[in-house]
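Please consult the sequence and the structure shown below.

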Amino acid sequence: MSAQAQMRALLDQLMGTARDGDETRQRVKFTDDRVCKSHLLDCCPHDILAGTRMDLGECTKIHDLALRADYEIASKERDLFFELDAMDHLESFIAECDRRTELAKKRLAETQEEISAEVSAKAEKVHELNEEIGKLLAKAEQLGAEGNVDESQKILMEVEKVRAKKKEAEEEYRNSMPASSFQQQKLRVCEVCSAYLGLHDNDRRLADHFGGKLHLGFIQIREKLDQLRKTVAEKQEKRNQDRLRRREEREREERLSRRFSRERASREESWESGRSERGPPDWRLESSNGKMASRRSEEKEAGEI
């Protein structure tokens, strides 16, 4: 990629599809089904494993750094819940990798010479120490590349201790089986990336494997999948709680509404009942009273005259 192309990609990643006012790029939104949701969350295996011996080629869905920037901006304002799509994608990918790992184990069991359970346990011990050495060496190299020389030296001291343990484990393994069988390369399948590891692999080979892009890429994918599972579970729990709270509020409002309606109906019924008990007003009595009051007023005026 040229410097100009790198600069363009960086601007896309920072500013999104609308950075130049290019309307043609905005025709595809990050919400489109054709856009890879794993890419938006920076965890698509096609990106992570690119350039390894398990390079998957181009993803069948759209990958665009500008769309990722659009998603990151929009996700700050509302929850888009794209983690579920990415989780389903990674689960499908890891399930297929684990299936290949089991098949490789089965093939090894069929082709390699049968050994007793005791010898197998000793060989497994050597494999575990090999794995520990490889991880430590890869970590030491990384620390050294970052300029943290003191920490790198401490890791290398730990490597020497593990090497001593490995030497003892190999001696026990060698003494437990014939010399002709010991010379055969005993293989093991890496549980992380499905690669083959040899019992007699040297430190350089182990460091290259455990510090390699393929192995580290699979670690990144598996860790991201665990993180997505946790995030999806938390968001689903929050959604369920919000849904339950809204339902309780709606039921409470309905109960208050029904209670108000009953009280209003009760008041109207009481008023109607009281009115019927008093009966209609007596207009004759009111008229008689009026005439008597008028007569008393006239007599009063005559007395004054």
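E131 and R188 meet through their side chains in a salt bridge, at 3.7 Å from N to O; a salt bridge here is a side-chain nitrogen of Lys or Arg within 4 Å of a carboxyl oxygen of Asp or Glu. This pair links distant parts of the chain, with E131 in helix α6 (residues 117-145) and R188 in strand β1, 57 residues apart. The model is predicted, so local features need pLDDT of at least 70 and side-chain atom pairs count only at pLDDT 80 or more, whereas totals for chains, interfaces and linings use all residues. Residues are numbered from 1 along each chain as its sequence is written, and side-chain values use heavy atoms, with hydrogens and water left out. Helices (H or I, at least four residues) and strands (E, at least two) are DSSP runs, numbered from the N terminus.

**Salt bridges**

- A search of the whole structure gives 22 salt bridges.
- E131 is partly exposed at 23% relative accessibility, while R188 is buried at 17%; buried means under 20% relative accessible area, exposed over 50%, and partly exposed in between (1.4 Å probe, protein chains only).
- The side chains of E191 and K105 form a salt bridge of 2.4 Å, N to O.
- E191 lies in the loop between β1 (187-189) and β2 (196-198) and K105 in helix α5, so this pair ties together parts that are 86 residues apart in sequence.
- Both partners are partly exposed, E191 with a relative accessible area of 42% and K105 at 30% relative accessibility.
- In the salt bridge between E263 and R259, the closest N and O atoms are 3.3 Å apart.
- E263 and R259 are separated by about one helical turn, because they are 4 residues apart in helix α10 (residues 213-278).
- One network, joined by salt bridges that share partners, contains E124, E131, K135 and R188.

**Cysteines**

- The count of disulfides (pairs of cysteine sulfur atoms within 2.5 Å) comes to 0.
- The sulfur of C193 has its closest cysteine sulfur in C190, at 3.7 Å, which is too far for a bond.
- For C97, the closest cysteine sulfur is that of C193, 9.4 Å away and likewise too far for a bond.
- C97 is buried, with a relative accessible area of 0%, and C193 is buried at 1%.

**Backbone geometry**

- D42, not a glycine, has a positive phi of about 60 degrees.
- D42 sits in the loop between α2 (37-40) and α3 (45-48) and is partly exposed at 46% relative accessibility.
- F81, also not a glycine, has a positive phi of about 60 degrees.
- F81 is in the loop between α4 (65-75) and α5 (83-111) and is buried at 11% relative accessibility.
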